[in-house]
Amino acid sequence: SNSPSPTPLAVHNHAISALSVSHHGQWLVAAGFEEKLRVYRIEDRQVAFELECPCSDLRAVAISRDDRYLAAAGRNGVVRVWELTTGTVCAEVQAHRQRVRCLTFDADGGRLISGGEDRTLRIWNWQTDGQVATLPSSTAKVLTLALCGPQLLASAGSDNTVRLWDLAGRREVEQLVGHAGSVAAMDFENGILVSGGYDNALRMWSIAEQPGEPLRSARRLGLGNGE
């Protein structure tokens, strides 16, 4: 017999496009095609508060590793940062000319890294001087990011390629090729980067966490197309 469907935590009035769970498991943030961003307390499954969005088409949310700050961005290229526990706006910047598709804090939480449809990667020193730096651009829309160590970032998108960046030197150090379609999702944990995309493939890469060190190995996890 079929298992009963779980009761929804909540039903939004519009599509949900981005979710993030705090690292200590206390908060869930949900954003999408609406005027507010919702922060839920996981313990009692209630809305702790709602935040005014930078725009009504959010595509990316991120929580700092110490769970102090929340960032979100979307269609209008604006990145906004709030205090997670109070909902107070801390900072805002027009980081991109087009829709932001991915967003992550660095390991210390002092910088935000964003990528989007304007084919740029931006680093925003939001806690210090407010300066926005641009990494060398490519011809690809940036669809996904993953922090792979204190100073190592993976980005990927519409050119089917995963790129590794040295954040300290602001330079590209490696390209991981093998996908036959846009790479739209990545995650990293314990030295392993997993990427997935429009070619129905998952690929797993063993990553050296210090920029300049060679990749130890790269192997395919599996394909969803029967190959």
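The points that follow are grouped by topic, beginning with the basis of the values.

This is a predicted model, in which local features need pLDDT of at least 70 and side-chain atom pairs count only at pLDDT 80 or more, while totals for chains, interfaces and linings use all residues. Residues are numbered from 1 along each chain as its sequence is written, and side-chain values use heavy atoms, with hydrogens and water left out.

**Largest pocket**
- The largest pocket has a volume of about 950 Å³, and of its 32 lining residues the closest to its centre are Leu103, Thr104, Leu145, Met186 and Asp187.
- Here a pocket is an open set of points on a 1 Å grid over the protein atoms alone, with protein on both sides within 12 Å along at least five of seven lines, whereas a cavity is a set where a 1.4 Å probe fits but cannot get out; lining residues have an atom within 4 Å of a point.
- Two or more lining residues come from each of β1 (16-21), β5 (58-63), β9 (100-105), β13 (142-149) and β17, and β17 gives the most, with 6 residues; strands are DSSP runs (E, at least two residues) numbered from the N terminus.
- By class, the pocket lining has 19 nonpolar, 7 polar and 6 charged residues, where Ala, Val, Leu, Ile, Met, Phe, Trp, Tyr, Cys and Pro count as nonpolar, Asp, Glu, Lys and Arg as charged, and the others, Gly among them, as polar.

**Cavity**
- The structure holds 1 cavity of 30 Å³ or more, and the largest cavity has a volume of about 100 Å³.
- Of the 17 residues lining the largest cavity, Leu121, Ser138, Val142, Ser155 and Arg163 are the closest to its centre.
- β14 (152-157) and β15 (162-166) each supply at least two residues of this lining, with β14 giving the most, at 3 residues.

**His179**
- His179 lies in the loop between β16 (171-176) and β17 (183-189), and it counts as buried because its relative accessibility is 7%, buried meaning under 20% relative accessible area, exposed over 50% and partly exposed in between (1.4 Å probe, protein chains only).
- The side chain of His179 makes polar contacts with the side chains of Ser195 (2.8 Å) and Asp199 (3.1 Å); a polar contact is a pair of N or O atoms within 3.5 Å, of which, within protein, one must be able to donate a hydrogen and the other to accept it, and residues adjacent in sequence count only if both atoms are side-chain atoms.

**Cysteines**
- A search of the whole structure finds 0 disulfides, a disulfide being a pair of cysteine sulfur atoms within 2.5 Å.
- The sulfur of Cys53 is 7.2 Å from the closest cysteine sulfur, in Cys55, which is too far for a bond.
- Cys53 counts as buried at 10% relative accessibility, whereas Cys90 is partly exposed, with a relative accessible area of 34%.

Methods
Helices (H or I, at least four residues) and strands (E, at least two) are DSSP runs, numbered from the N terminus. Grid points are joined across faces, edges and corners, and a volume is the space filled by probe spheres set on the points.
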